Amino acid sequence: MKKAILCVILCFSLTASGCAADSRILEDLGMVQTTSYDLLPDGMLSITASIPMADPEASAKREVLTVVAENTKNGRIKMSRETQLILVSGQIRNALYGLSMAKKGIYRYMDTLIRDPSISPELKISIVEGNAGELLRKDYDQHPRTGKYIDHLLEKESSWQTIPRVTILSFLRDLFDDGIDPITPIIKDMGNSIKINGIALFQDDRYVAKIPADDTMIFAFLKGSFKEGEINVDLSENGDKKEYAMLSSLVSGRKLKVSYHNQQIKVRCEIKIMCSILEFLGDLEISNEQDRNKLERRISDKLTRKADSMIALLKQHKVDSLGLGSAVRNKIGYANWKKMNWREEFPHVEVENKIKVVIKDFGEVR
Amino acid sequence: MTKLKEKLSFFHVMILTYMIQTGVVVFSITHLEALHFGTNGWLMALFTSLVVLVNLMLIAIVHRMSNGRSIFEILEKSIPKFILFPIYLGLAALWSMIGCLVAKEYVLIFQMYAFPTTSPMVFKVAIDILAFLLVIKGVYNISKASTVFFFSTIWMNLLVFKALDDIKLERLTTFLFKEGGDMFTGFLNIYIAYIGYELSLLLFPYVNKKTKLMKAVMYGHLIRTFFYLMLGIVSYGIAGHNLLKKMLFPLLDLLAYIKLPFIERVENLFYGFFLFTTLITLVMYYWAAGESTLRIFPKLKSSVHYFVIILCSLIVSTVPVALDQVLRVLYLLGCAQIVIAFLLPVILILLLLIQRRKVVKHG
């Protein structure tokens, strides 16, 4: 027994002494929380990193470093020269890409993030409308430190479905899948705050178009099933009085039905939305069942029309960000799928949207 | 040879089989399935498992015919020792190297996450000391330890439920084995993920009829099959076959779903739990190597055998330094082990048939 204990002690002391070179002292580490990338006109990268400060003696809440380099890892070496901290990537939560880079394609700059085992595949990816570095360098007085602010903003909004939760794993998965194109949220510096400004649509790894912030819920309905969320529907027609319905506690279910006859593909997208209505500005009486049914039909029609225009936008830019291709692929068989160039075929596919809204309650008063 | 008074129980053998089969391939099996078989490659875990069951049937026949005699006794009854001893040495070398390199692969993967510049041999020696302390206790105690290790790791399989929301069945596609690569190499790679069950050939003297050895081994193997299939469906459902082809160790990326709000990458700590399953794999291979050399040098104490085996394999394992090299060598050794897993029971059945005929003749 004594021998065994001795062996175990020997084993641990051997391990501990052997790892001396790899020891990390928490106070000496600069744990990058958010990093941003912009492409400069000369092809160089402008990289910014935001590092929360653990040192109680430091007055600043974070350290922000910006360097210009030809690639990301070299950028890190250059950054390291500017700080007393040992920079580590294990705690990165967000990677922001400037629009300049997104338009050229971001995969080659992402490769290092997925290759580095210290970086989580759950790292969130976003596009910044404008300069990503400028946004990250800026302090927003009314809000927590910028990196944390962005992280919480993205987390909260994705839980309300206004933007998709895009991680490096989900982005790359959609990039490599031939039946869907990747998307990311777009954020924008609004002066005193940061705003979610829509969804970026990618053709392979290149940004090509965006869905405006007001329409992101329509995109969420079309993209898949979800629970939780709210939407304000503008029901006013031209010349009419203004009419708005605020739908909350959304539970949306999507069913895709693909038919394939004589080389013709037709996709029917059936969406059923259960919701509560908590605010309505208009002439209908929502506590009256007939009026409520009428309202349900009007909201359904309006949302269906909006969904149709969104599909038209996707077709115009030849991006299947909804993943309709995956459903088509599974329906038509491998040989037919491989024969087809989905990107070219997608604009010609007939997509029929059918949205049905059911108001399950209308608040506490009649 | 250490004679045990107590025999292995059904439950212990079942758990032990599962634990030996759970090595380092578990980290990369879905990558291998996607790389070699493409769409729905996870189904290969099922097909390969059926081939393993055929192999287990052969071993079951040997077990039934042997009447509890060890395979070495059966071999030595018909084949002269001067032929057998080099074979025993070869088997011992193969088994100890498999055990040793499994541990080395574990260490090299571990070092991608932590202590990247420390010499891998520091960790390797530490693991080998633990393995030595366990292997000298004999197979009965190893099986008891493996039961404890089993319960400290099996819960991790339930973590897949954390990822349920992200699983989309349409990513599995409706196509079977499209966009894959070399399917034969793929089959061998997946078969290697199952090896370890064949060590049940050496358990004959340590069990009795109550153990129901082969049933226990089969159940252990079926548990492993079930979890490989579950892992396959989850990995394909989350990542899709194209991304899986790119990810070398998809299981480690799936662990990223374990998240704490205040710290990232906490899942890397969970990697440490896999040391338990790896440890049982290497201990059992060292034990098998020791069983083999004990026939050649029966007078030497078993602990001396294990010490020499572990030391020799440790020295040889310093040769491959890169993860890629280790993977390549392990693949070759794994292939050799597959051949032995089929060949040995066939030879034993033939010998037992000859021995039975001789008894009948003389009788």
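Reply: By residue class, the lining of the largest pocket consists of 16 nonpolar, 10 polar and 15 charged residues. The model is a predicted one, and the values below are computed from it. The space in this pocket comes to about 1300 Å³. Its lining counts 41 residues, and those closest to the pocket centre are A:Q161, A:R165, A:S225, B:D165 and B:D166.

Several elements of chain A give two or more residues each to the lining: the helices α6 (146-159), α7 (168-176) and α8 (216-223), together with the strands β11 (226-227) and β13 (244-261). The largest share comes from α7(A), with 5 residues.

Chain A splits into domain 1 (26-211) and domain 2 (214-366), and each of the two supplies at least three residues to the pocket lining. Taken over C-alpha atoms, the centres of these two domains of chain A are 31 Å apart. Their contact involves 20 residues of domain 1 of chain A and 29 residues of domain 2 of chain A.

Chain B, which supplies B:D165 and B:D166 among the residues closest to the pocket centre, is built from helices: there are 14 of them and 0 strands. Along the principal axes, the C-alpha atoms of chain B fill a box of roughly 70 × 45 × 35 Å. The radius of gyration of chain B is 21 Å, which agrees with the value near 21 Å that a compact globule of 363 residues would have. Of the 363 residues in chain B, 60% are buried. Among contacts in chain B with a separation of 6 or more, 86% are between residues 24 or more positions apart.

B:K124 lies in helix α6 of chain B, residues 120-135. B:K124 counts as buried because its relative accessibility is 1%, and the cut-off for buried is under 20%. Leaving aside neighbours within four places in sequence, the contacts of B:K124 are B:C100, B:A103, B:K104, B:V107, B:Y286, B:L314 and B:S317.

Note on methods:
Residues numbered from 1 in each chain as written. Chains lettered and ligands numbered in written order. Predicted model: local features only at pLDDT ≥ 70, side-chain atom pairs only at ≥ 80, totals over all residues. Heavy atoms only, no water. 1 Å grid on protein atoms, 1.4 Å probe; cavity = no way out; pocket = protein on both sides within 12 Å on 5 of 7 lines; lining within 4 Å. Points joined across faces, edges and corners; volume = space filled by probe spheres on them. Helix = DSSP H or I, 4+ residues; strand = E, 2+ residues; numbered from the N terminus. Nonpolar A, V, L, I, M, F, W, Y, C, P; charged D, E, K, R; others polar. Domains from an automatic or database assignment. Rg over C-alpha atoms; globule rule 2.2 N^0.38 Å. Buried < 20%, exposed > 50% of the residue type's maximum accessible area, 1.4 Å probe, protein only. Contact = heavy atoms within 4.5 Å.
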